[in-house]
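Reader: Got a model open here. Can you walk me through the charged pairs and the pocket?
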Amino acid sequence: MNKCKWALASSAEEHYHDHEWGVPLHDDRQLFEFLVLEGAQAGLSWRTILNKREAYRQTFDHFDAEKIAAYGQDKLDALLADPGIVRNRLKIQAAVANAQAFLAVRQAYGSFDAYIWRFVGGEPKQNAWQAHAQIPAFSDESAAMSRDLQKRGFKFVGKTICYAYMQAVGMVNDHTTDCFRYPQLSKA
């Protein structure tokens, strides 16, 4: 069974590829989780984040945006001391700022899902890459998403991070055409 080449680097990446990557998500809590995780990944490998994912869920209150938006200095200090997550002050502060911005977007649009999926017209964009090397680092849609998120106060949401986010939550199908997941998600 053929798979995207990046997924073969570790069992964690393979499991993530086979079961999550590129599957359209519409649950606000999960959409927020990926927003935090993609921001935490900046400059690191996705494998690092996957290996820390459960610790993130525990320390960040299972990505409850209301709780994270209210984090005070004591909680931030505890997060900075936690070896289970990426202990980067700016990324941790960004998670709190993003929770606050996320709640504001949800208030304005009824759900974060309704807001974020507008960038692809509400439907997954179906790409048809034959090789991993063809997959771009960003797109016009991810650049537009990045600009709008930044305007709303989100942090660690550059156009490349936004494109990775779009791939993760199924807004784009970037499985290569020889991957077993490509036809499955093309029908999604």
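Reader: Which side chain meets Glu-33 in a salt bridge at 3.1 Å, N to O?

Author: That is Arg-53. Keep in mind that this is a predicted model.

Reader: Where do Arg-53 and Glu-33 lie?

Author: Arg-53 is in helix α3 and Glu-33 in helix α2, so the pair ties together parts 20 residues apart in sequence.

Reader: Is Arg-53 buried or exposed?

Author: Buried. Its relative accessible area is 8%, and the cut-off for buried is under 20%.

Reader: And Glu-33, buried or exposed?

Author: Glu-33 counts as buried, because its relative accessibility is 1%.

Reader: What salt bridge does Arg-29 form?

Author: Arg-29 pairs with Glu-33, with the closest N and O atoms 3.0 Å apart. Both residues sit in helix α2, four residues apart, about one turn of the helix.

Reader: Which residues do salt bridges with shared partners join into one network?

Author: Glu-20, Arg-29, Glu-33, Arg-53, Glu-54 and Arg-57.

Reader: How many salt bridges does the count come to?

Author: The count is 12. One of them links Asp-18 with Lys-3, where the closest N and O atoms are 2.6 Å apart. Asp-18 is in helix α1 and Lys-3 in the segment before α1, so that pair links distant parts of the chain, 15 residues apart.

Reader: Are those two buried or exposed?

Author: Asp-18 counts as buried at 16% relative accessibility. Lys-3 counts as buried too, at 12%.

Reader: Which other residues of α1 are buried?

Author: Besides Asp-18, the buried residues of α1 are Glu-13, Tyr-16 and His-17.

Reader: What covers the buried residues of α1?

Author: The cover includes α2, α3, α9 and α10.

Reader: New topic. How much space lies in the largest pocket?

Author: About 470 Å³.

Reader: Which lining residues lie nearest its centre?

Author: Trp-21, Gln-41, Trp-46, Ala-164 and Gln-167, out of 17 lining residues.

Reader: Which helix gives the largest share of that lining?

Author: Helix α9, with six residues. Each of α1, α2 and α9 supplies at least two.

Reader: What is the lining of the largest pocket by class?

Author: It has 11 nonpolar, four polar and two charged residues.

Definitions and conventions
Residues numbered from 1 in each chain as written. Predicted model: local features only at pLDDT ≥ 70, side-chain atom pairs only at ≥ 80, totals over all residues. Heavy atoms only, no water. Buried < 20%, exposed > 50% of the residue type's maximum accessible area, 1.4 Å probe, protein only. Contact = heavy atoms within 4.5 Å. 1 Å grid on protein atoms, 1.4 Å probe; cavity = no way out; pocket = protein on both sides within 12 Å on 5 of 7 lines; lining within 4 Å. Points joined across faces, edges and corners; volume = space filled by probe spheres on them. Nonpolar A, V, L, I, M, F, W, Y, C, P; charged D, E, K, R; others polar. Salt bridge = Lys/Arg side-chain N within 4 Å of Asp/Glu carboxyl O.
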